[in-house]
Amino acid sequence: MIIAPSILSADFGNLEKSIEPVKDAEWLHVDVMDGHFVPNITIGPVVVKGLRGITEQVLDTHLMITDPLKYTKAYVDAGSDRITFHFEAVSDAIKTAEEIKKLGVKVGVSIKPKTDVKVLLKVLEYVDQVLVMSVEPGFGGQDFMPEAVEKIKELVTLRKVIDNNYLIEVDGGINKETAALCKEAGVDVLVAGSYIFKDKNPAARMNDLR
Ligand code: DX5
Ligand code: ZN
C-alpha cells in the first residue's frame, strides 16, 4: 500500500518541518486548485519547486483545475513526478493523458463523486493511475463518501480485462476505518490529509494507516 499524505493540511508557515514526520511516506500528495474548477485556490508551481528542494519523495500532483494542459509543463518543470487531471475538466481525456505523458511524467485521471467509473472505459489503457474522489474536491477535512468503495471495486474488475496495470488511488476523508474499507476493495494508494497532519503525532497516524 502506498500512502500519500496530502500537504493541503500541512503547516505552510513551515512546510519543511511539517512534512518531516511523514518522510517515510512513498509519495506526497499535492492539491492544486484554481478557484474555477473548484471553489478554492491552493498550490502553484513555485510551491512545488520549493518542495522539490526539500524532499526526494514522489510528488503526486492532483490538478483540480479547468485547463490542465495549460499548466502541466510548469508543474513538471517545478518537480512534479505524477500529474493527475480531472476527467470532468477536459473534452478529450485520451489526448490530455497522452500530452501529459509526453512531458516524461506518470499520468492519472480523476473522477468526482458524482461521475460514473464507466466514463473512463476508453481512457483506462492510457493512464498510470486512477484517482477516485471520495469527497467533493475543494477542501480537506470532509467526510468519506462510501460510494467510492464500489468505484474502487469496479476499477479492480476492469483492470483484469484491460491490458494496463494502473494504480487505484482514493482521496478524501481517509482515516483508519475508511482506509480499511478501501483496502478491502483493492485500492493501491491512500491519500490522507487532515487525518495525518491535524494530529499532534503525524508519524503515528501514518503508522495507523499502514
Ligand atoms: C480535496 C483534496 C484532498 C484533500 C484530502 O479536494 O483533493 O487531497 O487534501 O483531505 P482529507 O484527507 O482531509 O479529506
Ligand atoms: Zn487531492
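Me: Which distance separates an oxygen atom of ligand 1 from an N or O atom in the side chain of Ser 6?

Reply: A polar contact is a pair of N or O atoms within 3.5 Å. In this predicted model, an oxygen atom of ligand 1 is 2.8 Å from such an atom in the Ser 6 side chain. For the side chain of Asp 31 the distance is 2.7 Å, and for that of Asp 171 it is 2.7 Å. Taken alone, ligand 1 exposes 380 Å², of which the protein buries 100% (Shrake-Rupley method, 1.4 Å probe).

Me: Which residues come nearest to ligand 1?

Reply: A residue counts as near if one of its heavy atoms lies within 4 Å. Of the 20 residues around ligand 1, the nearest are Ser 6, Asp 31, Asp 171, Gly 193 and Ser 194.

Me: Which strands each supply at least two residues of the shell around ligand 1?

Reply: Strands are DSSP runs of E with at least two residues, numbered from the N terminus. Here they are E2 (27–33), E3 (58–64) and E8 (189–192); E2 gives the largest share, three residues.

Me: What radius of gyration does the protein have?

Reply: The rule for a globule is 2.2 Å times the number of residues to the power 0.38, with the radius taken over C-alpha atoms. With 210 residues, a compact globule would be near 17 Å; the protein has 16 Å, which agrees. Its C-alpha atoms fill a box of roughly 40 × 35 × 30 Å along the principal axes.

Me: What conventions apply?

Reply: Residues are numbered from 1 along each chain as its sequence is written, while chains are lettered from A and ligands numbered from 1 in the order written. Local features need pLDDT of at least 70, side-chain atom pairs count only at pLDDT 80 or more, and totals for chains, interfaces and linings use all residues; side-chain values use heavy atoms, without hydrogens and water.

Note on methods
Polar contact = N/O pair within 3.5 Å; in protein donor to acceptor, adjacent residues only side chain to side chain. Helix = DSSP H or I, 4+ residues; strand = E, 2+ residues; numbered from the N terminus.
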